[in-house]
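These are my notebook entries on one structure. I put down what I looked up, entry by entry.

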Amino acid sequence: MSRKQVHLAAHFPGVNNTTVWTDPRSGSQIDFASFTHLARTAERGKLDFFFLAEGLRLRELKGRIHDLDVVGRPESLTVLSALAAVTHRLGLAGTVNATFNEPYELARRLSTLDHLSGGRAAWNVVTTSDAFTGENFRRGGFLDRADRYERAAEFVRLSRELWDSWQPDAVLGDQAAGRFLGQDDAIGTVRHRGAHFSVEGRFTLPRGPQGHPVVIQAGDSGEGREFAAAHADVIFTGHGSLEDGKRFYADVKGRLARYGRQPHQLKIMPGVTFALGDTEEEAAENAAAIRRRQVGPQTAIAFLEQVWGRDMSAYDPEGPLPDLEPDLSDGVSQGRVAIKDRAAVAAKWRALAEEKGLSIRELVIEVTGRQTFIGTPRTVARMIDEHVQAGAADGFILVPHLTPGGLDEFVDRVVPLLQERGAFRADYTGTTLREHLELA
Amino acid sequence: MTLHLAVALDGAGWHPAAWREPSAAPRALFSARYWAGLVTEAERGLLDFVTIEDALGLQSTLTDAPDERTDQVRGRLDAVLLAARLAPLTHRIGLVPTATTTHTEPFHVAIGIAALDHVSGGRAGWRPQISARGFESRHFGRRDFPPLDQVLNRPGGADLSADPHVRDLFAEAGDAVEVARRLWDSWEDDAEIRDVPTGRFIDRDKLHYIDFAGRFFSVKGPSITPRSPQGQPVVAALAHARLPYEFAAAHADVVFVTPHSAEQARAIVTEVRELSADVKIFADLVVFLGDDAAGRKARLDELDGAELASDAAIFTGHVRELTGLLLEWQSAGIQGFRLRPGALPYDLWQIASGLTGELRARQAFRSRYEAPTLRGLLGLPRPASRYAEAR
């Protein structure tokens with residue numbers, strides 16, 4: 001196999017306006033059947049893993065719970081553990097916050113998932129800095145940005161110590177000899193004293209099938225990249241475009257040597273959206289139709305309010321941008337990544353609206369990002385392969401816009417073409433996620 | 001009058017040497033396949049539910065430290081995730097994992113159990129458990145606990161209920177269950193509206209902040225998880241004394257008690273009933289079944305080098321005799337039993353095929369599952385959201 005292989009993952013449609021719930025084909029966001037359908041579709045397509053996001057407090061806009069996007073989801077690892085029963089090879093990646101969890105408990109849950117899935121567990125490490133989310137937790141409060149990554153790094157290091165603390169063949173189970181544990185020191189004692197954690201004791205689980213579950217890092221900041229270079233097996237990023245992707249790829253892979261790691265030991269997988277059609281024109285029409293659904297009239301106003309920092313519900317979303325300055329005081333949005341430099345963003349948006357004569361809704365459709373890959377299945381397969389061969393990514397995390405059928409067409413029509421190009425596996429060759437990702 | 005029947009699953013069974021029985025699979029205890037075999041067997045027997053034991057530390061023969069034994073089972077999977085792994089493989093049986101309240105985040109536990117209810121279609125329960133052990137607290141390093149052996153050896157004896165530290169842990173557990181129930185109620189059943197004209201996915205007036213503030217933590221809410229099929233999953237508590245009886249009466253739907261005779265059962269039922277008219281009272285029993293039950297237990301005792309000690313009564317004998325005992329205790333007011341198989345899977349086979357058959361022959365056990373949810377099997381109503389009622 002000489003051609004560099006593409007890695008693909010499936011993101012369960014999330015709680016933002018990428019997910020189109022107004023489509024008549026849109027199904028439940030909470031029924032296990034929806035998760036099963038998407039995961040089984042991903043496995044049918046031989047994808048590397050299935051991905052669940054997390055948010056530990058419902059988002060708010062203008063002091064009230066944001067009601068325009070999908071709201072509500074189940075606890076990630078619980079659903080993934082259930083999915084382990086209805087899939088056989090697919091990796092199962094859960095986002096779990098390092099700020100509002102404790103290493104002993106979370107390392108144990110992740111190891112459990114690895115055991116119960118036969119080596120398919122992955123942990124997407126995220127951190128939170130806001131006191132807003134902290135209000136749901138006993139540890140409450142929040143950390144400075146730098147401290148969050150420090151805590152996350154210590155969290156991962158300590159988790160690895162716990163995962164390593166049983167001897168590889170600790171469980172002997174020799175009935176005749178009466179040895180459940182093979183050696184007197186089968187279970188080591190972990191003694192950790194750091195800036196954020198102080199843990200002493202023995203772990204409750206043997207090493208999992210993967211040894212360590214796959215660690216994913218999401219985020220593009222300098223601290224995030226450095227964290228990924230030091231600790232992660234996969235980085236989940238933006239940077240879906242070719243040039244941008246190449247710069248990011250070179251930057252992150254270039255950081256690995258500092259930690260004694262090889263380039264192939266960290267897989268770079270941007271999150272991407274897609275729109276397909278039988279012809280290029282049809283694909284473009286489909287993409288535009290999806291964008292209009294993703295940015296409904298009320299959503300357009302909500303986006304505007306996040307930048308302008310004020311109530312703008314009185315304006316017509318199909319009308320022009322009002323002549324109104326942004327309120328730069330507190331902001332109206334809670335529970336999502338804050339927009340930096342709202343004054344500059346507002347000025348840019350206004351210039352664009354005036355230049356192109358866009359309504360509020362058209363403007364928001366324009367500025368909030370169209371699909372990454374638009375085209376016929378053949379075009380999309382070619383683009384994906386080209387990105388990987390050109391060193392802009394190791395693969396992609398696909399974000400469908402529909403639950404639960406949003407991956408069907410991709411798996412039925414794009415995956416076979418990637419396989420035809422020799423860029424994607426025809427079948428799983430290993431049983432663990434580490435093997436799928438060529439990390440083993 | 002039928003009775004309820006549950007099985008308590010833990011490792012290779014409740015005897016420390018159970019993993020050495022011929023039917024045991026000691027090397028498979030951390031595999032999904034092993035647990036799938038157990039729970040499907042329990043479902044074949046039409047049992048109400050299985051419980052899954054758990055703790056945030058290793059099993060030990062010492063009161064408050066890990067031991068150096070290599071001849072007993074050590075290690076456990078996270079019980080909530082294990083229950084979730086088993087949910088798609090079963091259809092009607094309830095799944096009741098243990099989760100500690102002492103070192104965990106109530107918010108995480110609540111959404112985990114709610115997720116279990118979603119993936120199982122309404123068959124989730126939760127057994128909240130405190131951890132008073134100092135060695136477990138050192139796995140978290142956030143609170144200093146007095147060594148438990150010191151607590152037990154205080155003047156006045158081993159009544160943990162009187163210890164202020166233990167009382168605090170129960171109070172905290174009570175708050176944790178209260179927070180979980182509020183979070184489970186924090187989405188009204190019909191909160192998701194998908195109203196295309198107004199662009200609203202939810203009616204946010206039907207989502208509620210729980211605003212819990214207590215001595216140990218505060219939680220704002222609402223839950224991130226929509227209301228689950230049972231509304232509130234079933235909460236079950238193990239209780240041996242007044243303080244846990246009070247905890248169970250105030251916070252649980254089911255209480256597991258540990259009488260050692262019909263008279264004791266009657267006395268406990270009287271005491272619990274004074275505290276709660278509604279809680280379902282189950283008695284726990286460790287059981288060794290079959291023709292050679294006593295011989296099997298004796299051999300395991302010998303292998304372990306000690307006679308089995310248990311908080312619950314230990315029964316050895318034929319399923320016919322056990323049937324008689326269960327019916328006798330039932331007439332003392334016990335509504336169901338949580339049987340702890342001495343060895344797995346052997347004693348579970350005996351329960352699922354033998355015992356249920358005997359009970360059925362006396363019209364004392366179901367011949368088919370009569371409801372799709374655990375609440376339905378237990379005859380517990382589905383609660384309305386407290387916030388919907390208040391509106």
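Which residues of H12(A) are buried? I looked up Pro377(A), Val380(A), Ala381(A), Ile384(A), Asp385(A), His387(A) and Val388(A), and they are buried. I take a residue as buried if 20 or more other C-beta atoms lie within 10 Å of its own, as exposed if 12 or fewer do, and as partly exposed in between, with C-beta atoms placed from the backbone.

Before going on I note that this is a predicted model, in which local features need pLDDT of at least 70 and side-chain atom pairs count only at pLDDT 80 or more, while totals for chains, interfaces and linings use all residues. Residues are numbered from 1 along each chain as its sequence is written, and chains are lettered from A and ligands numbered from 1 in the order in which they are written.

**Entry: helix H12 of chain A**

The arc is that of the directions from the helix axis to the C-beta atoms. H12(A) runs over residues 377–389, has 13 residues, and reaches 18 Å from its first C-alpha to its last, close to the 18 Å expected at 1.5 Å a residue. The expected span is 1.5 Å times one less than the number of residues. Helices (H or I, at least four residues) and strands (E, at least two) are DSSP runs, numbered from the N terminus.

I then checked what covers the buried residues of H12(A): the cover includes H7, strand E14 (274–276), strand E16 (373–375), strand E17 (395–398) and helix H13 (408–420) of chain A. Just after H12(A), Gly391(A) has a positive phi of about 75°.

**Entry: Lys246(A)**

I found Lys246(A) in helix H7 (residues 242–255) of chain A. Lys246(A) is partly exposed, with 16 other C-beta atoms within 10 Å. Leaving aside neighbours within four places in sequence, Lys246(A) is in contact with Ala390(A), Gly391(A) and Ala392(A). Contact is counted if the C-beta atoms of two residues, placed from the backbone, lie within 7 Å.

Phe35(A) lies in helix H1 (residues 32–44) of chain A. With 26 C-beta neighbours inside 10 Å, Phe35(A) counts as buried. Apart from neighbours within four places in sequence, I list Phe12(A), Val79(A) and Leu83(A) as its contacts.

I also looked up the largest nonpolar core, which has 248 residues. A nonpolar core is a set of buried Ala, Val, Leu, Ile, Met, Phe, Trp, Tyr and Cys residues joined through C-beta atoms within 7 Å. Phe50(A) and Val255(B) are among the residues with the most contacts inside this core. With neighbours within four places in sequence left aside, the contacts of Phe50(A) include Ala39(A), Leu83(A) and Leu92(A).

**Entry: chain A as a whole**

Chain A has 14 helices and 17 strands. Buried residues make up 54% of its 440 residues. I note that 74% of the contacts in chain A with a separation of 6 or more are between residues 24 or more positions apart. Along its principal axes the C-alpha trace of chain A spans about 80 × 50 × 45 Å.

**Entry: helix H9 of chain B**

H9(B) covers residues 293–304. I list Ala293(B), Arg296(B), Lys297(B) and Leu300(B) as buried. Seen down the axis of H9(B), these fall within an arc of 95°, so they line one face of the helix. The face turned away from the buried side carries the exposed residues Ala294(B), Gly295(B) and Glu302(B). The buried residues of H9(B) pack against strand E11 (280–289) and strand E12 (313–317) of chain B. After H9(B) comes Gly305(B), whose phi is positive, near 80°.

**Entry: backbone points**

The peptide bond from Thr403(A) to Pro404(A) is cis, with omega near -5°, and Pro404(A) is in the loop between E17 and H13 of chain A. Gly221(B) and Pro222(B) are also joined by a cis peptide bond, with omega about -10°.
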